[in-house]
Every structure is written in C-alpha cells, then in structure tokens.
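Colleague: I would like to go through a model feature by feature and learn how to read each one. Could we start once it is on the screen?

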Amino acid sequence: MIWEAFALALRAVRRNPMRSTLTVLGIVIGVAAVIAMVTLGSGTTARVTQSIQSLGSNVLIVTPGAQAGRGPGGAAVAGPAFTLRDVTAITQNVSGVNAIAPMASARGQVVSGNENWPTTIVGTTNAYLDVRDWSLSSGREFTDAEVLAGRAVCIVGSTVSREVFVGQDPVGATIRVHDVPCEIIGVLASKGQAMGGNDQDDIVVLPLRTVQRRMNGNDEVTVIQLSVQSSAITGRVASELTALLRERRHIIRGKEDDFRVLNIAEIANTVQSTTHVLTTFLSALAAVSLLVGGIGIMNIMLVSVTERTREIGIRLAVGALERDVLSQFLIEAVVLSLCGGLIGIALGLSGSYIAVPMLKVPFVFDPTVVVLAFGFSGAVGVIFGFFPARKAARLDPIEALRHE
C-alpha cells in the first residue's frame with residue numbers, strides 16, 4: 001500500500017514538473033545554504049585550529065606594552081623591552097616551563113647573488129624551535145658556542161629557501177642578512193600560514209646576540225615565548241609569570257601592567273567559539289528558507305486538493321478509507337520535500353567544495369549535518385503537508401463527486 005502511495009505521489013509530481021520545481025525551490029535553497037554554512041564554518045574552525053597548533057602546544061607569548069582602555073578598540077601603549085636577565089629570572093622562578101625562547105626581531109632584505117627577498121629576521125636560541133614544535137627539514141641547529149658568541153650563522157624558512165635558492169639546497173651557502181654575511185646551517189620544515197594570514201615560513205633565524213649586536217644595536221628582548229608542560233597548568237604559569245614581571249618592572253599595586261601575557265590556547269578557544277556562534281547564526285538564518293519552502297508546499301498541496309476533489313470523491317466512493325487518502329497526499333508532500341532536500345544537499349556540498357579553495361580553508365565533510373538536513377526537509381513535508389492531506393481525507397464523497 002505504501003509503495004502504491006509513493007507511485008501515485010511521483011506521478012502527481014511528474015504531472016506538473018514546473019510547479020513541482022518552483023514548490024521545492026525554498027527547500028532546495030534552505031538545505032543548500034545550511035549545509036554550505038556549516039561546511040565552510042567547520043573548515044574555518046579547522047583552519048584556525050591548525051594555525052594555532054602550528055604556533056606550538058601550550059604556548060605563552062610575553063610582549064612589552066599594554067592596551068589603553070577596555071575592548072578591542074583600545075590603543076596600544078609602548079612599554080620597556082625585556083632583557084636576558086628577565087629571561088633568567090623566569091627560568092629560575094617560574095615552575096612548569098618546558099622551554100623559554102627570548103627573541104629580538106627585525107625586517108630586512110636577504111641577498112644571495114642576484115636574488116634578494118624581504119623577510120622577517122628573528123634572533124633567538126634553539127629553545128625557539130622547541131617552543132614552536134618546529135623541526136628542520138635539512139641541516140642542523142645552532143651550537144652553544146655559536147649562540148654565546150653571536151656568530152653569523154642562520155637557519156632559513158622554506159619560503160626564503162624557495163625564493164632565494166630556487167631548486168637548490170641552501171645549506172652551506174652564504175647569504176647576506178641585513179648587510180651581515182651569514183652561513184646557512186639549516187632549513188626549517190614548512191609550517192604554512194598563521195592565523196592572521198602571515199607566512200610563517202618567510203623567516204630567517206639567527207643567534208640572539210647576532211641580531212642584538214650587529215643589526216639592532218642593543219641588548220633588548222622584544223618577545224619571550226614559553227612552552228608550558230601541560231595545558232592544565234597554563235593559567236597558573238601565566239599568573240606566576242605576571243607576578244614576577246610586575247615585581248621586576250616595579251609596577252605598584254593597582255597600576256596596569258606594561259606588558260601582555262598571551263595564552264595561545266585561550267585565543268584559540270575564543271576564536272573557535274566565535275566561529276561556531278557565527279556559523280550557527282548564519283545556519284539559522286538559512287534555515288528560514290526551509291520554513292518558506294514548507295509554506296510553499298502547503299499552498300501547492302491545498303491547490304492540488306482543490307483540483308483533484310473529484311478524483312478524491314471517486315476513491316472514497318469505491319471504498320478507499322480516509323487514512324488511504326491522508327497517506328496519499330501526505331506522502332506526496334514528503335516526496336516533494338525530500339526531493340528538494342536531496343537537490344539542496346548536492347548543491348550545498350558542491351558549492352562548498354568549489355568555495356573552499358577561494359577561502360583557503362579545508363573541506364570538512366560532516367555527515368551528521370547532511371543527515372539532519374535531509375531529515376529536517378522530510379519533517380517539513382510532514383508538518384506542512386498534514387493539513388492539506390487531512391482536508392482531502394475529510395471530504396464528503398457525495399459533495400466531492402458533484403465537484404466540477
């Protein structure tokens with residue numbers, strides 16, 4: 001009996017293809033929009049997570065300066081830079097730290113023969129690679145003697161290697177960094193883009209003293225990065241670190257810090273939560289189209305009942321029960337809705353697949369969303385098709401037969 005009702009429903013849909021297409025258009029648009037929003041939102045979240053992980057696990061970043069006022073619109077206020085004595089104090093007094101990397105940065109050109117490339121220059125120690133979970137694709141790290149003496153040796157990122165040494169292994173070559181000739185001793189493995197879209201591989205790493213003495217002309221440490229032993233103690237380490245630096249920088253009680261301690265895990269959670277909320281909000285807006293599509297199905301089913309009143313009367317007159325007529329029109333509404341759901345799923349997934357390269361996010365297929373969207377489209381057919389189906393089932397056979 002059910003299969004008979006399905007056959008009758010499909011026949012009714014094929015009888016008016018244009019009307020059926022226009023009827024399910026709202027369902028198609030709603031399902032496609034929901035799936036596209038959720039898929040792209042999941043891809044964005046995955047991209048953010050990947051970018052955060054590329055910065056290292058359980059990382060704290062300490063920078064001088066503060067933000068005037070509350071909220072994101074506050075202006076940045078400069079603060080005194082750190083020194084290696086601050087780094088030593090942190091190592092001795094803050095527990096739970098795996099590695100600590102002092103850094104001094106600069107921008108400059110790197111030149112080799114006829115090739116040159118503008119890049120980020122970072123002076124640091126081998127601990128920088130430990131904090132960032134960054135390995136070498138070739139070559140070696142700095143020796144202790146090179147770090148202490150501030151020798152002119154460097155490790156280059158994969159982007160610098162590709163742009164300056166096209167198709168060649170740069171290890172052992174000499175490159176001029178900020179007018180300082182440096183021997184390349186290693187190449188960093190590729191990390192890709194960071195959260196802000198910056199290329200993490202566009203970097204040249206030198207010993208800290210080399211950058212301080214021969215490029216910046218001072219002994220300042222502009223950034224301190226720390227790797228914490230466990231995410232469970234990151235908050236405690238951040239608190240100890242803040243208290244220690246306030247003491248060393250002679251900041252009295254009640255006065256704002258002149259430095260910032262950034263917890264990468266907290267930033268990641270905030271960004272992911274924001275992305276999730278935006279995705280949910282946009283998906284909810286897109287789901288409104290499903291309600292519009294449901295109203296369209298109800299409208300067209302009411303028209304169909306009016307057009308087929310005589311047919312319904314004949315069926316009832318020859319012995320069909322009310323539930324048979326009810327199921328016939330209800331299944332017809334569900335078939336329309338599910339057809340729209342299937343088309344919407346195909347459009348949503350294909351549209352997302354086309355869009356992800358342009359947005360530079362991964363394609364994340366979520367079967368749960370597809371199943372929910374398909375089930376919701378079927379529910380729309382049941383909910384909005386029930387009233388017209390009940391109206392058809394309750395027709396008086398005699399009155400229906402008289403209908404012209």
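Predicted model: local features only at pLDDT ≥ 70, side-chain atom pairs only at ≥ 80, totals over all residues.

Colleague: Let us begin with helix H3. Which residues of helix H3 are buried?

Modeller: The general idea comes from helix geometry. An α-helix has 3.6 residues a turn, so residues three or four places apart point the same way. In helix H3, which spans residues 84-93, the buried residues are Asp86, Val87, Ala89 and Ile90. They lie on the same side of H3 because the arc they cover around the axis is only 160 degrees.

Colleague: What is exposed on the other side of H3?

Modeller: Arg85, Thr91 and Gln92 are exposed there.

Colleague: And what do the buried residues of H3 pack against?

Modeller: Their partners are strand E4 (97-112), strand E11 (223-228) and helix H8 (234-248).

Colleague: Next, Thr159. Is Thr159 buried or exposed?

Modeller: Thr159 has a relative accessible area of 4%, so it counts as buried, the cut-off being under 20%. This residue belongs to helix H6, residues 158-164.

Colleague: Leaving aside neighbours within four places in sequence, which residues is Thr159 in contact with?

Modeller: With that exclusion, Thr159 touches Trp117, Asp199, Asp201 and Asp202. A separate figure relates Thr159 to Gly192: their C-alpha atoms are 9.3 Å apart in space, and the two residues are 33 apart in sequence.

Colleague: Now the surface. Which residues form a nonpolar patch there?

Modeller: The patch consists of Met18, Leu22, Leu25 and Ile29, and together they have about 420 Å² of accessible area. Met18 sits in helix H2, which covers residues 17-54. Its relative accessibility of 58% makes Met18 exposed.

Colleague: How many disulfides does a search of the whole structure find?

Modeller: It finds zero. Cys154 is in no disulfide, and the nearest cysteine sulfur, at 4.8 Å, is that of Cys182.

Colleague: Are Cys154 and Cys182 buried or exposed?

Modeller: Cys154 is buried at 0% relative accessibility, and Cys182 is buried at 1%.

Colleague: On to charged pairs. How many salt bridges are counted?

Modeller: The general idea is that side chains of opposite charge can pair when their charged atoms come close. The count here comes to seven salt bridges. One of them pairs Arg248 with Asp86, with 2.7 Å between the closest N and O atoms. Arg248 is in helix H8 and Asp86 in helix H3, so this pair ties together parts that are 162 residues apart in sequence.

Colleague: How accessible are Arg248 and Asp86?

Modeller: Arg248 is partly exposed at 34% relative accessibility. Asp86 is buried, its relative accessible area being 8%. Asp86 was also listed among the buried residues of helix H3.

Colleague: Which residue does Arg140 form a salt bridge with?

Modeller: Arg140 pairs with Glu146, and the closest N and O atoms are 2.8 Å apart. Arg140 is partly exposed at 35%, while Glu146 is buried at 6%.

Colleague: And what about Arg176?

Modeller: Arg176 forms a salt bridge with Asp179, where the closest N and O atoms are 4.0 Å apart. Arg176 counts as partly exposed at 39% relative accessibility, and Asp179 is exposed at 65%.

Colleague: Last, the backbone. Where is Asp133 found, and what is its phi?

Modeller: Asp133 is in the loop between helix H4 (127-131) and strand E6 (136-139). Its phi is positive, about 50 degrees, although Asp133 is not a glycine. Asp133 is partly exposed, with a relative accessible area of 46%.

Colleague: How does His178 read, and where does it lie?

Modeller: His178 also is not a glycine and has a positive phi, of about 55 degrees. The loop that holds His178 runs between strand E8 (174-177) and strand E9 (180-188). At 32% relative accessibility, His178 is partly exposed.

Technical notes: Residues numbered from 1 in each chain as written. Heavy atoms only, no water. Buried < 20%, exposed > 50% of the residue type's maximum accessible area, 1.4 Å probe, protein only. Helix = DSSP H or I, 4+ residues; strand = E, 2+ residues; numbered from the N terminus. Arc of directions from axis to C-beta. Contact = heavy atoms within 4.5 Å. Patch = residues over 30% accessible without salt bridge, like charges linked within 9 Å, V, L, I, M, F, W, Y side chains within 5 Å. Areas by Shrake-Rupley, 256 points an atom, 1.4 Å probe, with all protein chains shown as cover. Salt bridge = Lys/Arg side-chain N within 4 Å of Asp/Glu carboxyl O. Disulfide = S-S within 2.5 Å.
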